[in-house]
Structure formats: C-alpha cells, structure tokens
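User: I would like to go through this structure in short questions and answers. Please keep each answer brisk and end it on the value or name asked for.

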Amino acid sequence: MKKNLFHSFALFLSMAIMGGAMVSCDNMIETPPPNELLVDDAIKTTDDLQRLLNASYNEVANTFGGFSQMMSEMQSDNLASPNNNDLRELHSHNVLFFNSTCGGYYSILYRAIFRANFVQDNMDKVADLSQADKDRMTGEIKFIRGLCHFTAVRMFAHPYGYSAKNDHPGIAIVKAASTKPSPRLTVAEAYDAILSDLKDAEAVLPESNGDYADKMSAKALLAHVYFQMGKYTDAANYAGSVIDSKKYTLSDTVNVFSADAASEHIFKIVSTGINDKRSGGYSDNYSPGNPTCQMSRELWANLNVDLAIDKRLKLLTVVNAGAQNEFVKSEMFNAPFFNVPVLHLTQMHLIRAEALAKSGGDLATATADINAIITRAYTDNSKLVASGSSAKQIIDATRTQRRIELLFQGDRTPEIKRLGAVESQNIFVRGHRWDCPGFLLQFPITEKTTIFEINPTGGCN
Amino acid sequence: MFTLIPTRKAIISAAIALFGAVSAFAQTGSLAGLVTDESTKKPIEGVTIEVYKTDFKAKSLANGSYNISGIAPGTYNVIFSKDQMEDVLAKVEIKINETTNLDAALKTAVSSMGDVVIVGYGRQSRRNVVGSIATVSGKEITDIPAPSFEAALQGKAAGVQVIVGSGMAGSASLIRVRGASSISAAGDPLYVVDGIPVSQDYFMNRTNGSNWGGGFNNNPLASINPDDIENIEILKDAAATSIYGSRGANGVILITTKRARKQGLKFDVSARWGSSSPTRKPDMLSAPEWLQLYEEAWYNDGRTGTPDLSLNGIRMSWAQANDPKNHTNWIDQVIGHGFKQNYNLSTNYMGKNFAVKGILSMDDNGSFIIGNKYNRVSERINLDYRPIKGLNIQLSQSLSRGTNTRVDASWAGGLGSAMSTMLPIYPLSPLYDSASKSYITPVGLHTIRDLKNWRTIEVRSINNANVSYEVNKNLTVNYSTSIDYMDYNEYLYEPAALIRMYNSNYQQNGNAKWYPSWTMNRNQFLTAQWNKELSKNHSVSAMAGTESQHSITKSKYVENFDATGPIDEVAIPDTALQAFSRTPYEWAFISYFGRFNYSYKNKLNFQLTSRWDGSSRFGRNNRYGFFPAAAVGYILSEEQFMKQYKWINFMKVRAGIGKSGNANFDNYARWGTITPSSNLPKYNGQPQLAPSRLENPNLRWESTVNFDAGIEMAFAKGRISTELTYYNKVTSDVIMNVSIPVSTGFGSFYDNVGGITNEGVEFSLKTVNIRTKRTNWTTNFSIARNVNEITSIGVYTPDAISGGTNDTRVVLNQPVGTNFLVRFSHVDPATGAPVYFDLNGNQTTKWDPANRVAVGNVLPKAFGNLANTISYKNWELNANIYFNWGGSIFESSVKRQLSLMTDWNMDRRVLDRWQNPGDDALYPKMTLSTFNHGSTTPWINTDLWLQDGSYIRLRSINISYKLPAAWLKKSKFDAARIMLVGTNLLTWTRYTGIDPEIARDFENPTDRNMSGSITYLTTPQEKSVSVALNFSF
C-alpha cells in the first residue's frame, strides 16, 4: 500500500517535471514588435546617431517653419482675429486646455527635446564615436534643447522680470529621455537651465556645421535670451560677436525669407524642395486668398503713413480695398518652398543697437547698427538716426524698426512682454495688459500632474 | 466518463429485451415506493418512474414517494430515471388488488453537470467547492434569442453585469464580473472554451486612422454557437480564478460544449422564428418643426429677413427647405422589422466505448436596421473514445462561419445619420444643382445602404484534443492541446453608381476593399491529478500542471479602385490588387500551476492554488508573476450541534483569499522601439531614425487581491435556498495607457499606475413557492451591490486617462468611468442663456473646462434579476425581470440634438426650450452661435446631458407547452415542445433618452472600461417575439 502510494506520487512529480520541460522555453515569450527596430539593434554607428539627431531637427523644422512664429504673432497686436476657433482663443487671450492646436504646438517643442535627449542618452552605445562627433552632437543637442525650452518659457509662462525673483511658474525642463513627468520649474530655474545649455553648446559646437547648429547659432540665441532677460551687456556682447565674426552679411532684400537673404541666415529651417517643404507654417497661413493670418487694421493704420518710402510695406497687399471685408495680407511667403531663418543678422543688429543704448555702451556702434537696417528699408534717408543721437532716440528708433523688420517672425509678443516686465511699460494688446493671466498659451490638460500646475483659463478683462 | 451509464443502460436494454410486458387484464394492481439518493439517503423529488412498454408513468414527490395504480397484473420492468442521475431498472410483479412496494436508490451520474462543477483544469463536487462559481445551463442560454451567447448571461448570475450590445446584429455585450478593476487593460472576463482561452479582441479589425468600424465593434464571440454549449461556469473569486493566474482577475467564463450523454442514437431538432423591432424609436423633429427652430435661432441671434441655411453649410434655399415635397422621415428609411430564424439539429450516439455528439446549426439574425443581419452556420463534432481501460480520448471540433451584413451606424452613418446630419428637409433623392453641377443635398441613407456592399465574414474553428489516462486509482494524467483559428474578412464594395453621387467625374467601376486577418491561437496543457483517501476522515488531492499558449494575428489591406464587384465575388487579377501589409501582433504565455485540496470528513474543505505566469507582454524585470490563493469551506449542517435546527437543511460557510491578475494589454508596450528610416521622411535631404517608444522594463500584470466570504443555506426541506457573499477586491499596478505630459516627448505610455477597489455583496434566493403534482412555481432572485473606487492615479490628474471622446475620466476617490463635466445650473429666464457653475459652485455664464467636476459615474449601484417559473401540467411560463439601479447615462450626442442649432436634426425633447423672457425652460434658447452659450468652442459637455440610468426591464418572457406523452406515443418523438418567447417587451425608466441599456461602439479597451452607459447616436436595443419548436427522437 505504502509502496503504491509512493509510486503514484513519484509518477505525479515526474509528470509535472516533464510538463515543465515541455514548455520551459523562455524564448517563447519573447515576441518583439514587428516592423520596428529595437533600441539595441538600431543604434550601432555614428551614422545611426546622426539619423536620430536629424529626427530631432525634423521636429525643430516642423515647429519653427512658421508654426511657432504664427502662434506668437496670434497673441500680439500684429494680426487680426482669425477665422479659426483654436487660433481665435489665442487672439482673444482665452486659451482652453483642450485647444488642440496649442496642445500640438507644445508637444512638438518637447518632442524635439525628447529626441535630442534620446541621442544624448544613447551615445555610449556607439563604441567608435569620435570625440569631435561627440562634441558636435552634444552641442547640437544642447542648442536644440535651449531653443525649444526658451521658446516654451516665452510662450507658456509670464516673462522674465514678471516677479522680482522670477520665482513665478515657468516650464518643465527636460534633460533626459524618460516617460517620467517633470515638475514645473520657476522662470528663474528655466532661464538658468537654458543659459547653461546654450553656453555648453557655444563651447563645443564647431565653427561651421552645414545647415545645422554651429557656434554662431548658439551665440545668436544667447543674444536673444539675454536680451529677453534685460541683461543688455551680455546681449550686446553676444550679438556683437556674431556680427563681428563677419560670417554673415546683411542682404539688400527687405524680405529675409527670400533666397537672396541667405547671407543673413545664422540658423535656418531648410526646405529642399516641394516634397520636403518645411515653410508651410508660413505659406499655408499667410498666402491663401483669404488667409488665416491677416494684418491687424491698427498696425496697418500705423504703418501705411510711410507707404511711399518703406520698401517693406510693398510686401503687403490690401485686399478688397475700401469694402467692408477689406484685409491686409502678406506677400512675403508666396514661394512654393523656402528656407525659414530662425536666427539671422538683422536680429543681431537690432539687439545690439538697443542693448548698447540700454547698457551705456557704444552709441556710435548702436547708431550704425540701426542705420544699416534703416538704410536698407527706406527709399530715402528721412528715417536715419543722426549721429550723436541720445540713447533714448536710438532705442525709440530701434523699437519702431524692430516691429516692422521682424513682422510675422514671432517677435512681437515676447517684445511686448519684455517691454512690460523689464522696461516697466504699461503696454496693452486689445485692452489686455501684458501681464494679464490669459496672455499666455495654455498647456494641454494632460500636462497637469501633482507636480505641474497649468495656467488659469483666460482672465484678461 | 460515460462508461458507467452505458453499462447500466446496456443492462436495462438487455433486461427490457428479456422481460417483455404481458398483455393487459381487466383487473388491476398498484405500485408504490420510495426513491432516495444512494449517497445521502435522502428522498429525491422528480424521479420519473416508468412502467416500461405501458403508459403508466409517475413522478416522485418531495418526500420521495410515488404511487401508480391501475396496472394490469403481470411482470414488468420499471425504470427510475432523473436528469443528472443514473437510471435504475427493477423487475416487479403486479398482482390484482395489491400494492407492490418497490423502492429505489439512485446515484448521481458522473457525467452529469448537476452537482459537479467545472473548475479550472478539473472538476469538483459542488458541495466541496470553496470558491465562488456560478453555473448557467446551456438551455438558459438558448431559450432566449440574443445577438450572441454572452448576452444571454444577463441576470443569470449574481454580480455578473451584462450590458447587452445595441440592436445591431451580432453586437458585443459588455460584461463585468464584480465591478470594474481595469482601466486600459481589457476588463472583460477570460473566456475559456473546452480548455482554451479563446481569442476575444473586440478591436481586432479596427484600422488605425481609418473610419472603418462603421460605428460598430466586431464581436469575436458571435461566431460561437449557443446551441453547442452544455453549460457555462462563471468563476468570480480568487479561490476559483487564481488558477488562471495573470488572466483571472476579471473573472473567468468557462464554456463546456455538449457531449453525447444518452445511450444509443438520439436526435434533437429545434427551430425558431421571430421578429424584432427597436425598444423605442428615436424621436426626431419633423421638417416643419426643425425649420421653425432654425428660424427661431435666426431671429434670436438678432438677424432679420429670410433665414439663410448656408450658415451651417446647408446648400438648400429656404424655399426649397420649406417645400413639403422634399421632406423625409429618415428614421423610417432606416428602421424596419428584423426577421430571425434559427435551426438546430443535434445527434447523439453512444456505444460501448465510443460516443459522438454532432450539432448543425443555422442562425439568421436580422436586426430592425434595414439591411443589417448576422448569419451563422456552424458545425460541431465531439468524440469520446475509450479504447482501453483508463484511457479516455476526447476530440472536440467546431467550425462556424459568421457573416455580418453591415450597415453604417452611430457616427458613421445609417441610423446615426438619421438622428443627426440627415435633416428632415432633405429629399429621398438628392437635389441636383445644375449651376454647380453637383448634388446640394446628401445622398439618401437608403441609397447608400442599397448600393454599398459591406460584409464581415468570420470563419472560426475551435479544436481540442484531450487525452487522459488513469495510471492507477490514485493518479490521472491529462494532456490537452487546442487550436482556435479565426479567419476574419471584411469586404466593402462601393459601385460607381454610389461614388458618382459624390464625384460626378468618377469614371471607374467602383472601389473594392478587403481587410483580412488571421489569428492562430494555440494552447496546450499537461496536468497530473492525484487523489488519495488517507483514512476514513481524511482525503487529499493534488493537481499540478503546465500550460503554454501562443497567438499570432496577421492581417493586411487589399484594395482595387476599378472593380466591378466585391473582391470575394468578382475575379480581380492579383496584379490589379494593391496590397498593404499591416502589423501582425503576437503574444504568448507560459505557466505552471498547482492545486492542493484537503477534506476532513467531507465537511471541512481546504484548498490551496498557485500559478506562475510568464508572458510576452511583461517587461524584462518582471518575466513571471506568482498568483497564490487559499480558501476554506465548512459544511456546518453536517455537524452534530446543527442537527437541532431541523429547519436548516444545508449550511455551508466559505472564505478565501488570493491573488489574480490581468495581463490583457498591449502586446508590445514593454519594448523600446525605433521607427526605421524607411518609414520616415527625410529632413534636409538626410534620413531620420526616430524613437517611437521607450522601454518599460517594469511593465507587468495588474494585480488583484480578492477576499471572498460566503454562506450558502437551504431551508424548509430545500424549498428555500440562499447564498450571500461578501467580497473585497483590491487591485494595484493598474495598467493605464496614461496620456502622460507631452513634455516627456510622448502622448501616451502604458504603465502600472493606479489602484482600484471593488467591494460588494451578492445575494441570491431561490424559492419553490408551489409544488404540487400539477403545478410548480419557483422564484429566483438575485441582487448585487458593488462599490468601486479609484484609490490611486499616481502623479496624474483625471485627464491623464480618458474614456475616448465620452468625457469619462479617472478621478481619485471616485469610481472607474466617472462623468467629469461642467455643471449646468439653469437657463436664465430673462435671456434664455445657459448658466453654469464654476468650481466653487458660483454661477457663471462662461463655459470653461477647468470647471469640470465628478458629477456621476457609469457603474450601477446595484443590479439583479427576478425570475419566475410557473408550470401547470404541460404548460410553463417563465419571466425574467432585470433591474439596474443607479449609474449615470451620459448622452454625448445631444449637445447637438438639444442645444445649438446646427446642421443636425434635433431630438423632440428640445421643444422644451426657452422662447420668451420669463420662460422657465429646460433647454437654452435656440441659437446658431456657440458664443451665445458662453463658450469659445462649439461642442461642450455639461451635466445637462447626464441622467439617472435606473431601469427595470422585462428581459424575457416565454410560454411553452410540452406535447403530452400520450400524443407522442403514436409518433416517433420522445419529447416535443412549442414555445413563445418575447424579449425586452417592457421597460420602466425615468431616463428620457431612447433606451437605458447602452453599450456604444468603443474606441479601445480603455473606452470600453470607462464608457459603458454613454450614448452617441447609439442604436437602441431590440425587442423581439419568437416562436420556437423543439423535438427529440
């Protein structure tokens, strides 16, 4: 009896073990996804890293090919109310967190950052990566991160100078590829991170890097960042070092988007052909017969007094003149595809002119900077700044020119915020003061976590 | 298994042959006696006592006694028989004026299901089961016509919520066992047919980015023939489900198919014919009413003159719109009566060591939507073979072909259009505008339906081979291997005649599209079962096993833009077909499991189970999960101290705790992947490689710890039996497809994030109210209450998880599927404008989604069923009343049907709108501009569209009549029954929409978990009347 019991139990055990052997092949539960590459298989060479980095540039191109610029212009006093629900929320400074255009804009900025971070985090997978390539890529990664973070903080947070310590809510700063949500840092922390990235980029980027970011790109962007912060000495220095490098020359054309202006382009979004057009953010929104982006009537009324002498105004058309449905559209973006300058020499001259004047710098240089722009823009010399003009005269002239020169380039809204926050101007857009809560883009609702509070809705009255 | 019966049956047959009845005499005698259960020695009611080859027949009473008089003297064979029990044959001599006593003791048949419960990888006697398992017989499934077998489970088991899909043919029901404990992993129970977890992906054929789906989810269970089902076991608690490990947490539904059970050759034939219509038709505005409202909106907005319809993109002039010639009731163009027919032939043969069951079925289920039906033709053969003693071979094979003749629905067209964009001012034939050379009104819904040839054809074969060998009296080994093969094809053909209505320049013959997919799901398991009676009081058993399962689905998309017919019907050379491959998906599990049972004196039962599951879906740090459970059952009524309570016939208490999981989530979410350069555009002329997903090495099953305690009792000689169960399910590591902050660079990510608890009670009561010779009345009542709460959502906020477009959210401390909406206050009597509440409860005229709060949820507070069966002689009346208490219904589409005047038709309820200052109206004033509703975006959700979802429904009522045996005697039939069945004939509810039972088309598993009871142009439920015939011979 006992023996029988033992036998059957032993048999029971051996069956169980046999069964285990039958299927204990762990490979069976390794079923990797088809049609996609696994990270370890995909990243082996420098070229693989280069392709990954190009994917980050691809997102930069999709953002800065006109989309980002339009989102900024839409909040400003440069454009009329658009015939588009989402954009109208921007125009009326009442962006809901379900606004998918705004949410899409935010996500694309951070997708560029993520892809840049992904390259950074996977560089060590390529054993034979040269130091030169490593430095260059690291610089490009930090440049892209700086550019996108800087754009986000300008659009989604109140400006630098809004609070005394700049401890008001800023943005998420993301420096590693991760699915972990990031906290909302203060504006001061955000600017620290942006400056740190851009200075690192400046240090390691090569002098030239084809169509991609190089040392001058980092310097030009630093000039913008310091200028936005009201740190005018630094701004003037960086703008100066770009101008003085003599790598770029002012073109004769007043349309910086034309091919003739290539000598001015410091960092640009490249369109190689109609099938690889990255300028749609401009051409789709400004060029159609009844475009989404039409110039505001107030601005047109301001500018058209100089219609006869200002060459830049020739790039604008009045449609349905005199009729109730009259509007003003731009003709700057009519080419089927074109390169979009994100950083260019005109900006450097404008920054240096004002920054020198603000910081007690060399007014002669400042005067020369602004007069170079004025000379190109007008058919006569009536607008030139006389030598020996005061700092204030230079500043006033520069601000006037800045608005026209950088029209539709997304400069006006940050400029209004700078004038309000740093220059303490009581400046309004459509009756909304620069610091009213709705004068910000709204984060998509999914951004909200226990460590990230989004902006309030609207609130500009 | 069947061998015990044949032996005995063989004896009976032989005996019958030997002892033929003698002819009748004028004077008679009687036969009387007592029928008892051989094991319990208790009397058995309802045993048929038949004096063979005569008309004399009786049934034993509750006390087990029977009496047959008027039998002519002689020697007879008497057969005692009862379902689920082995027949007993006795020889008896009847003498004139004497009552011969004949007692019998019957044994429970081993092959029967009555007191034997199928548990995972084995079976147990119901007495000794320590888990919570509900059994539903096949007859209960087939007695009511349903779109698919799982719909018929409604009300059959306490705590099993079944929301029947819409009235669309073949629609999928939403089933939740004991609440909702999943969010992005599929929350449906695991379906196991004859041992194989079958393919059950409701979203299988959904194509990314395409509108295909047509407002309808594929139902993978519709191809399973309900007539194949012997019975269904629903495993509810961990003691029962943890043997299914990482896949058991949402309950397991075990389906056992029919096998031969009767000696010899037997046939069953059944047929059913019926007609269906909607429970309620959508009540839309007529053309004059709609025009009146448009005009009202026009003037309300401060406009003057003749209203201009072009503001809303309508190209008709005001005069054309007002021409009655053009007016159409589109609802009537879409809704008709459905015709249903069902035929079933089943054969049974049982020989000495061989048995076979064959089933042939045809079901033609026409819905009330004109042009929509589901047709299923199926075949099943189940073989049992016992070549040598101890070796038992079972083969189960089925093949079915389900054809769904499709129409558009919901947001995709058809009835959905009739309820929305198909305005009553549009004529049957579209108006042609010669100036623009185009139609200025949409193509008629009937025209689209008639011209579009759209079918899904699913061929499915579920096959299983099972070999068991009794090594000795203690040990049995069992090997099972199965294949569930599914071949799913969707064919769409749009002929030139249809396309030209949209595009007059179209020159080709037509568009043909074909979406095939193939799923090969293979499973095998090996178990060893060891039983030992250690002594008189102690017995133990142990089972150990290992299982593997692998499934792969391949699919593609094929099209031809110059086809004269559907791809399956006309010959199109392969070269003319454009084929696009679609991503296959694949998953696998490897498992080891065991169960140990100990029984003391057959009254105290302990059970330990455990399972280790490895899955292709689990991240590299969590390849295997461990799922243990322990449970105890104690039959108190066996104890001496209970004997004094004579009114208690049976009492069992049981309790168990254990862990099970849910691993039904995205197959590839754990992998870090990169999109190859070939699939990406170039930037600046240079190739890209883009990371598409980051690896999640920690991704794993969601884990539910389930405590369950219950008491089962029977009183009053078994005439009252009850079961009361309490359970508490704590789910952690809930899989969420989190819409993570996009600042991570991603939109969404699968992660183990949250926690959910479900706590509830289930109560069921079965009473035998009347039990006389002719009349029987039994009542079955069940009710279940479940309280659901989300206990954690990590760092995320409600919007991180959304139930599709339905505005349900995951909100901390609220139930799964919370309606998260801006609160509507009232319509301002002065202006007619809507007034909302802000977060602080202050009134505001501005609609801002930042003011959304939890205002309701889709889960009911309680639900249950009341079933009454009354039989009188050969008549039987059966009525099922299903009730649902609480739970909110959100009408997602009425924001366009009851609010803004747009290019949609409106629901007649809108007539209660503000018209003049001082009006106290339910709905705001008519307007064409969303700004007049305080919003910058047009389609806004508020709790004005939210209602209480309570209802009571006469789910089914049937009356059947069994033909008397005397009539049948002359025919060859053993039994015959005719039955009239009505479903959903009556509904009581305060819900003002169409139908309170709602399972809309879902976008993905998250939506399916969170958006039950949300309607969006959803097709109503059907009501039906059918007549059915059953014959056995």
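User: How many helices and strands does the secondary structure of chain B come to?
Analyst: This is a predicted model. In chain B, the count of secondary structure comes to twelve helices and 52 strands.

User: Why is chain B called as compact as a globular protein of that length?
Analyst: Take its 1033 residues and apply the globule rule, which gives 31 Å. The C-alpha box along the principal axes is roughly 105 × 70 × 65 Å.

User: What share of the residues of chain B count as buried?
Analyst: Contacts in chain B between residues at least 6 apart in sequence join residues at least 24 apart in 71% of cases. Of the 1033 residues, the share that count as buried is 50%.

User: How far apart do the C-alpha centres of domain 2 and domain 3 of chain B lie?
Analyst: The domain assignment gives domain 2 as 129-276 + 336-817 + 858-892 + 951-1032 and domain 3 as 279-335 + 894-940. Domain 1 is 4-106. The centres of domains 2 and 3 of chain B are separated by 40 Å.

User: Which elements give two or more residues to the side of domain 2 of chain B that touches domain 3 of chain B?
Analyst: The contact involves 32 residues of domain 2 and 29 residues of domain 3 in chain B. On the domain 2 side, 18 residues are nonpolar, ten polar and four charged. The elements of chain B with two or more residues there are α7 (415-418), α8 (445-451), β50 (975-989) and β52 (1022-1032).

User: Which strands stand at the edges of the open sheet of five strands in chain B?
Analyst: The order is β11-β16-β17-β14-β15 in chain B, with mixed pairing. An edge strand has a single partner, so one side of it is left without a neighbour in the sheet. Those strands are β11 (133-137) and β15 (196-197) of chain B.

User: Which residue is the bridge partner of L190(B) in β17(B)?
Analyst: β14 (residues 190-193) and β17 (residues 252-257) of chain B run parallel and are joined by four bridges. L190(B) has as its bridge partner V252(B).

User: Which residue in the turn of the β21(B) and β22(B) hairpin has a positive phi?
Analyst: β21 (residues 373-385) and β22 (residues 391-405) of chain B pair antiparallel over 13 bridges. One of these pairs I381(B) with Q397(B). Five residues lie between the strands, and the one with a positive phi of about 90 degrees is G390(B).

User: Which element gives the most to the side of chain A that touches chain B?
Analyst: Here 69 residues of chain A are in contact with 67 residues of chain B. Elements of chain A that give two or more residues include β1 (37-38), α3 (46-64) and α6 (100-122). The side divides into 38 nonpolar, 18 polar and 13 charged residues. With eleven residues, the element that gives the most is α1(A).

User: Which residue stands opposite L38(A) in β33(B)?
Analyst: β1(A) and β33 (residues 673-675) of chain B run antiparallel, joined by two bridges. In β33(B), the residue opposite L38(A) is T673(B).

User: How many residues of α4(A) are buried?
Analyst: Helix α4 (residues 67-75) of chain A is largely enclosed by the rest of the structure. Its cover includes α3, α5, α6, α7 (131-156), α11 (280-286) and α16 (412-421) of chain A. Among the buried residues are F67(A), M70(A) and E73(A). The count is nine of the nine residues.

User: Is A213(A) buried or exposed?
Analyst: A213(A) is in the loop between α8 (187-204) and α9 (215-229) of chain A. Residues that A213(A) touches include G139(A), F143(A) and L205(A). F267(A), 54 residues away along the chain, has its C-alpha 6.4 Å from that of A213(A). Because 29 C-beta neighbours lie inside 10 Å, A213(A) counts as buried.

Definitions and conventions:
Residues numbered from 1 in each chain as written. Chains lettered and ligands numbered in written order. Predicted model: local features only at pLDDT ≥ 70, side-chain atom pairs only at ≥ 80, totals over all residues. Contact = placed C-beta atoms within 7 Å. Nonpolar A, V, L, I, M, F, W, Y, C, P; charged D, E, K, R; others polar. Pairing = 2+ DSSP bridges. Domains from an automatic or database assignment. Buried ≥ 20, exposed ≤ 12 C-beta atoms within 10 Å, placed from the backbone. Rg over C-alpha atoms; globule rule 2.2 N^0.38 Å. Lists of a residue's contacts leave out its neighbours within four places in sequence.
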